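Thanks for coming. I will take one model today, starting with its pocket and then moving to the helix beside it in my notes.

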Amino acid sequence: MKISLHHLALCAATLSASSAAFAQPAAPASAPAPVCEAHVQGQPGKKFDLTELRVSKRCVQFTVHLLHTGKKPWQEAGHNWVLTRSQDTEAVIREGQRSGPERAWLSRGDARVLAATQMLSGGEHASVSFPVERLSQGEDYTYFCSFPTHAEPMRGKLVVVD
């Protein structure tokens with residue numbers, strides 16, 4: 001059997017490439033970076049456009065950007081975004097109603113409020129950031145608008161993932 005130099009060179013190149021592939025460990029597949037923000041609209045009709053937000057435990061901070069898409073001033077139909085543990089939501093709303101409009105219907109210093117934007121008039125926007133380490137996977141969280149007639153229908157669920 002006669003082997004040409006070209007055939008030998010080809011075999012050597014193939015063998016060299018194969019052993020190089022085995023010699024170097026494969027780079028680990030990197031997980032995509034988590035999305036650590038959400039854009040939420042407070043809309044006329046007492047509703048948020050999103051009724052569920054998913055927050056990755058890999059985020060250090062999570063930011064919610066709220067846009068009030070209506071036209072009325074906050075005194076008539078304001079929107080804000082307030083986050084609580086679900087078990088605290090009703091009590092926070094009840095106590096907040098007593099605080100009145102000067103405090104955006106939230107009790108000052110209420111530790112059960114995990115994050116909140118200011119109350120917005122139509123066309124305004126605001127953001128709030130909070131540390132994700134405050135949240136626990138498996139815990140139920142509710143976000144809502146604290147305006148008196150909005151607190152019941154304007155709600156959503158925040159879910160911690162990863």
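The largest pocket holds about 150 Å³ of space. A pocket here is found on a 1 Å grid over the protein atoms alone, as an open set of points where a 1.4 Å probe fits, with protein on both sides within 12 Å along at least five of seven lines; lining residues have an atom within 4 Å of a point. Grid points are joined across faces, edges and corners, and the volume is the space filled by probe spheres set on them.

Before going on: this is a predicted model, in which local features need pLDDT of at least 70, side-chain atom pairs count only at pLDDT 80 or more, and totals for chains, interfaces and linings use all residues. Side-chain values use heavy atoms, with hydrogens and water left out, and residues are numbered from 1 along each chain as its sequence is written.

The pLDDT, the predictor's confidence in each residue from 0 to 100, averages 87 for the protein, and 82% of the residues score at least 70. Residues 1-24 are below 50, and beyond near neighbours in sequence that stretch has one contact in the model. Contact means heavy atoms within 4.5 Å.

What lines the pocket? Glu102, Arg103, Ala104, Leu106, Ser107, Arg108, Gly109, Asp110 and Val113 do. By class that is three nonpolar, two polar and four charged residues. Ala, Val, Leu, Ile, Met, Phe, Trp, Tyr, Cys and Pro count as nonpolar, Asp, Glu, Lys and Arg as charged, and the others, Gly among them, as polar.

Take Ser107 from that lining. Ser107 sits in the loop between helix H3 (89-99) and strand S6 (113-116). Helices (H or I, at least four residues) and strands (E, at least two) are DSSP runs, numbered from the N terminus. Setting aside neighbours within four places in sequence, Ser107 contacts Glu95, Gly96 and Ser99. Its C-alpha atom is 8.9 Å from that of Ile93, 14 residues away along the chain.

Now H3 itself. Its buried residues (under 20% relative accessible area, 1.4 Å probe, protein chains only) are Thr89, Ala91, Val92, Ile93, Gly96 and Ser99. They pack against strand S5 (82-85), S6, strand S8 (141-144) and strand S9 (155-161). Just after H3, Gly100 has a positive phi of about 80 degrees.

For the whole protein, there are three helices and nine strands, in the order α-β-β-β-β-α-β-α-β-β-β-β. Of the 162 residues, 38% are buried.

Terms used
Buried means under 20% relative accessible area, exposed over 50%, partly exposed in between (1.4 Å probe, protein chains only).
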